[in-house]
Amino acid sequence: GKSMLAARLPGLLPPLTAKELLDVSIVHSVAGLLERGQLSRRRPFRSPHHSASMPAMVGGGVRAKPGEASLAHRGVLFLDELPEFTPQVLDSLRQPLETGEISVARVNAHVCYPARFQLVAAMNPCRCGSGGADGVACRRGERCAADYQARVSGPFMDRIDIQIDVPAVTPADLALPPSKEGSAEVAARVEAARNIQLERNGGRTNAELPPDLLDHVAELDREARDLLIKAAETLGLTARGYHRVQRLSRTLADLSGSEHIARIHIAEALSHRRARKGLSSVKTRHSDSRAQFLR
């Protein structure tokens, strides 16, 4: 179910604007992926295999071609089985997650490619795949999950805004009637929230705002600020994590049609982050499988 959810995300995002379409087309043209000059307003969806090398992910080669991160520009980069990627490949994504671009330096070339994508990553809680879910104990014990999840560095995880557990689908779930809200309705809500951001932020989404403008756009009242400060101390949030919660709460407020960030928006944003090791952790209802999402 995790991979299916990730594949549906591009369909919930607004179509590419004319400028975004031009940026995406240029990157794909440099990579030699445009067939007969055909263009598409659908946002890119890239899903590299976990055996992908660093040049394949961030770009490189003799001619320093764009990698998967740049090919996902203005779209979605999906990393399935996240801990199976080498730590070096994952950490190479830390720069584009912060700046939205990748600098590729080679002996005969030094180029900079755009790489502003939405990162979606999925992983099992341990190598066995169960991790004690639904009362099924892992064959290797708790150390299996700890070692498996430790393959993903803390700084990389700190850049993921939303971290949720995806429960296994039961036969009873399959028998339920379909949801009354379809993809078209969800996409309309997403587009409405994004239009609010573009109008308020001068043509930029909340994810693209620099820290100085974020403090102005996502100003917190006293109750919301007190909750965030207390939670930051309890959960051990870094400075980056603090501002990412603030940024996510602004987006949650936009989705709900609220002009101001309320305490409930901070609480919801905090519920999607996990505590650092050795500190109090956020309780979750399910732990059989996990999906990490970047807004």
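Reader: What covers the buried residues of H14?
Author: In this predicted model, where local features need pLDDT of at least 70, side-chain atom pairs count only at pLDDT 80 or more, and totals for chains, interfaces and linings use all residues, the cover includes helix H12 (222–235) and helix H13 (239–255). Contact means heavy atoms within 4.5 Å; helices are DSSP runs of H or I with at least four residues, strands are runs of E with at least two, and both are numbered from the N terminus.

Reader: Which residues of H14 are called buried, and what puts them on the same side?
Author: His-265, Ile-266, Ala-269 and Leu-270 are the buried residues of H14 (residues 263–271). They cover an arc of only 135° around the axis, so they lie on the same side of H14; the arc is that of the directions from the helix axis to the C-beta atoms.

Reader: Why is Phe-78 called buried, and what is Phe-45 called?
Author: Buried means under 20% relative accessible area, exposed over 50%, and partly exposed in between (1.4 Å probe, protein chains only). Phe-78 has 3% relative accessibility and therefore counts as buried. Phe-45 has a relative accessible area of 32%, so Phe-45 is partly exposed.

Reader: How many aromatic pairs does a search of the whole structure find, and what makes the pair of Phe-45 and Phe-78 stacked?
Author: The search finds 1 aromatic pair. The ring centres of Phe-45 and Phe-78 are 6.2 Å apart and their planes are at 25°, so the pair is stacked. Rings of Phe, Tyr and Trp (its six-membered ring) pair if their centres lie within 6.5 Å; planes under 30 degrees apart count as stacked, over 60 as edge-to-face and the rest as tilted. Residues are numbered from 1 along each chain as its sequence is written, and side-chain values use heavy atoms, with hydrogens and water left out.
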